Amino acid sequence: MDSAQRGTGLGWPTALELISRTVRAAKARAGALVFCGAGTDHVEPGAASSRDDVIRAYEEQISAIEALGGRIILMASRALARVARSAVDYEAVYDRILRQVREPVIIHWLGDMFDPELKGYWGSDEIEKAMETALAVIEAHAAKIDGVKISLLDKQKEIVMRRRLPKAVRMYTGDDFNYAELIEGDAQGHSDALLGIFDAIAPAASAALAHLAKGESEAFNEMLAPTVALSRHIFRAPTRFYKTGIVLMAYLNGHQDHFVMVGGQESARSTLHLAELFRLADRAGLLREPERSAARMRVVLATRGIDA
């Protein structure tokens, strides 16, 4: 839950309330695990002036989540990206945090296409150098790491990193462009799924994964193939506005009764973008009740001055 960037209007108190409700609801399901985003987004921009400030901020959110019984997704920190001067600062912060967590965490490496303020994360603008730092942290604390999710939209870099992870550490794909190929994997391994697009394509993803579990690769790919065009459209540049498409899909399928977002981000994409999303979702068979979805899409278009 909540592994993508915060700090875009949804504050930590509200996020913690959502986390609390989710963890509480999960207790009714035998064996359910909920991983929750712990970051530093409650720290005002510029308020953190040292890596110790960043550590304290992480500790605050981790403590709150662990007290509720949630597991930790260690989110990339804008505050750390601002104060770090080299890879050494990243190593020091992650070392302190990973030594303290109660149970293995998922580390999230979020690329700057999702959040420009994370440019140069792990101490370098060069992905290869950044990856070396991330791998060093993971190898040093493998027992405290369930897995790493990378959201770089670069399947080859994900595969390279996946093959270098310690044996017990999972790779969770955050590649909303190439997820089918990465989840299916190859002779040397595969990526597990932890994807924003799965919110919008849940029925198709569930059926496809059931096929894959039975070794039915052809049916798996056949089921997911039509969803890829939709996903690439939703996550197209500027990628940081992908949530507009995710929320529109939720509205079209009746999961919420409005198309209004925190910070007015329902206006972050053009009308043409939303119209194409609707067409692609229909082609992929992802509109549960097409007539209702069409009626709701007409409402969206009407608010933008288009009579459909």
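In strand S3, Ile107 is the bridge partner of Leu74. The model is a predicted one. S3 covers residues 105–110 and runs parallel to S2, to which two bridges join it. Leu74 also stands opposite Ala38. Both pairings belong to an open sheet of six strands, ordered S1-S2-S3-S4-S5-S6, with parallel pairing. Strands of a sheet pair through backbone hydrogen bonds, either parallel or antiparallel.

The edges of the sheet are formed by S1 (35–38) and S6 (192–193). Each has a single partner strand, so one side of each is left without a neighbour in the sheet. Within it, Cys36 has Ile72 of S2 as its bridge partner.

S2 is covered on both faces. Arg71 and Ile73 lie on one side, Ile72 and Leu74 on the other, and all are buried. In a regular strand the side chains alternate between the two faces of the sheet.

The largest nonpolar core has 90 residues. Tyr94, Tyr121, Trp122, Met161, Ile197 and Ile201 have the most contacts inside this core. Helix H10 gives the largest share, seven residues. A second, separate core has five residues, among them Phe35, Ile73, Met75 and Tyr172. Met161, one of the residues with the most contacts in the largest core, touches Trp109, Met131, Ala134 and Leu135, and also Ile138, Val148, Ile150 and Met171, when residues up to four places away in sequence are not counted.

Helix H12 (residues 290–303) has 14 residues. From its first C-alpha to its last, H12 reaches 20 Å, close to the 20 Å expected at 1.5 Å a residue. Its buried residues are Ser293, Arg296, Met297, Val300 and Leu301. Seen down the axis of H12, the buried residues fall within an arc of 145°, so they line one face of the helix. An α-helix has 3.6 residues a turn, so residues three or four places apart point the same way. The cover over the buried residues of H12 includes helices H10 (242–252) and H11.

His273 is placed in H11 (residues 271–283). This residue counts as buried because its relative accessibility is 7%, below the cut-off of 20%. Not counting residues up to four places away in sequence, His273 touches His233, Ile234 and Arg236. Gly245 is 28 residues from His273 in sequence, and their C-alpha atoms are 8.8 Å apart in space.

After H12 comes Gly305, with a positive phi near 85°. Ile306 is in the segment after H12. Its relative accessibility is 36%, so Ile306 counts as partly exposed. Ile306 touches Thr271 and Leu301, not counting residues up to four places away in sequence. Of these, Leu301 is one of the buried residues of H12. Ile306 and Ala81 are 225 residues apart in sequence, with 42 Å from C-alpha to C-alpha.

Note on methods: Residues numbered from 1 in each chain as written. Predicted model: local features only at pLDDT ≥ 70, side-chain atom pairs only at ≥ 80, totals over all residues. Heavy atoms only, no water. Helix = DSSP H or I, 4+ residues; strand = E, 2+ residues; numbered from the N terminus. Buried < 20%, exposed > 50% of the residue type's maximum accessible area, 1.4 Å probe, protein only. Contact = heavy atoms within 4.5 Å. Expected span 1.5 Å × (residues − 1). Arc of directions from axis to C-beta. Core = buried A, V, L, I, M, F, W, Y, C linked by side-chain atoms within 4.5 Å. Pairing = 2+ DSSP bridges.
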